[in-house]
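Me: I would like a close look at one part of this model, the surroundings of its ligand. Please keep the answer connected and give the cut-offs.

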Amino acid sequence: MDPFGRTIDYLRISVTDRCNERCLYCMPEGYKGWAKKADHLSASEIIRIVEASCALGFRKFRLTGGEPLLRHDIEEISAGIWALPGVQTLGVSTNGLRLAKHAQGLRQAGVRSLNISLDALSPEVYRGVTGGNVAEVLRGIDAACAAQFEVIKLNCVLMRGVNEDELWPLVQFAAERKMLVRFIELMPVSSAGVLAEERFFSVQDAMQLLSKHDTLHAIPDYRPGNGPARYYEMAGSKARVGFIGALTTPDFCGTCNKLRLTSDGKLRPCLGRHGELDLLPALRGEGDLQSTILEAIRNKPENHEFAECYEPGRPMTAIGG
Ligand code: SAM
Ligand code: SF4
């Protein structure tokens, strides 16, 4: 338990800060601050950290980044984690560009759930937001369906004037494939500028927009995959749609259950606060991994500072989304 009575049993692991997309809200323009290769945790170091956290009661793990499928050893990392006693769930978050190649291997390595970013179905809008080719992502989604993951969620970041027209098509796309779709409020994790008032589109705005197409019914106790989304079911299609409103949902942090591990070996108790604890001395020297993890839990703040003029220190790709 952390100081606020929350059970912390979920670790999100950034396996790289590199990415093959350039999302408007995630990667500052012209960003060159990549971590040095030598600072990236190796597969065996990541597995040792998961083993130590399992001994402290962590049960849920997600590999993210940057783009985790850029790591050539992503299947090795997944299989190593899945083989550890105590691991109950293992997920991967990906932009989907390399998923067609990796879906089957990840599933065989023990990955149960996938979160796939998809901010738009329109190729033009998708390219404008991410710089990438949506056709490759759609091929990745087909491969993920064929590989039979237990849960597949599509993630869409809400941006006024950019992708509002994409929301209803995304709900229909997800419903046809029996996937969940989640709409995420912009957070100032890479540059405070992304929250410019004309760009911010709240989860309430998104619900209002979708309710013009179909009625939304809250499903209060539905929490697939341990994330922070609040879910609704669409009356007509029965599509299940999640909303992650970090900026506008009261008591958003009250159910937070996670720590983040950065690709260069820092434990981050909260995405929306700067504090980090360095695991490298314990990993590469004499220290004790478990006591550093416990200290990170003791340091978990009650809530984020996004609404208090939070100035991001390093981008989301480095912290791990
Ligand atoms: N590259 C993978 C991907 O895009 O899914 C994994 C890493 S990415 C940082 C993880 C998630 O963070 C994605 O769903 C992305 O949309 C979300 N994200 C990144 N920057 C964000 C921001 N400023 N506000 C809200 N969500 C953000
Ligand atoms: Fe890369 Fe994911 Fe960030 Fe987009 S959201 S720049 S795909 S890490």
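Which residue has a backbone N or O atom 2.8 Å from a nitrogen atom of ligand 1?

Reply: That residue is Met187. The model is predicted, so local features need pLDDT of at least 70 and side-chain atom pairs count only at pLDDT 80 or more, while totals for chains, interfaces and linings use all residues. Residues are numbered from 1 along each chain as written, chains are lettered from A and ligands numbered from 1 in the order written, and side-chain values use heavy atoms, without hydrogens or water.

Met187 is also among the residues that come nearest to ligand 1, with Tyr25, Gly66, Ser117 and Val157, out of 19 around it (a heavy atom within 4 Å). Two further polar contacts (N or O pairs within 3.5 Å) can be given. The side chain of Glu67 places an N or O atom 3.2 Å from a ligand 1 nitrogen. For Thr94, a polar backbone atom is 3.2 Å from an oxygen of ligand 1.

As for helix packing, H1 (residues 43-55) and H2 (residues 74-82) have axes 9 Å apart, at an angle of about 25 degrees (helices are DSSP runs of H or I, at least four residues; axes are fitted to C-alpha atoms over the stretch in contact, with angles from 0 to 180 degrees between N-to-C directions). H1 is therefore roughly parallel to H2 (under 35 degrees). In H1, Ala43, Ile46, Ile47 and Val50 touch Glu76, Ile77, Gly80 and Ile81 of H2 (heavy atoms within 4.5 Å). This contact holds six nonpolar, one polar and one charged residues, with Gly counted as polar, Glu as charged, and Ala, Val and Ile as nonpolar.

Conventions
A polar contact is a pair of N or O atoms within 3.5 Å; within protein, one must be able to donate a hydrogen and the other to accept it, and residues adjacent in sequence count only if both atoms are side-chain atoms. Helices (H or I, at least four residues) and strands (E, at least two) are DSSP runs, numbered from the N terminus. Angles under 35 degrees count as roughly parallel, over 145 as roughly antiparallel, 65 to 115 as roughly perpendicular and the rest as oblique.
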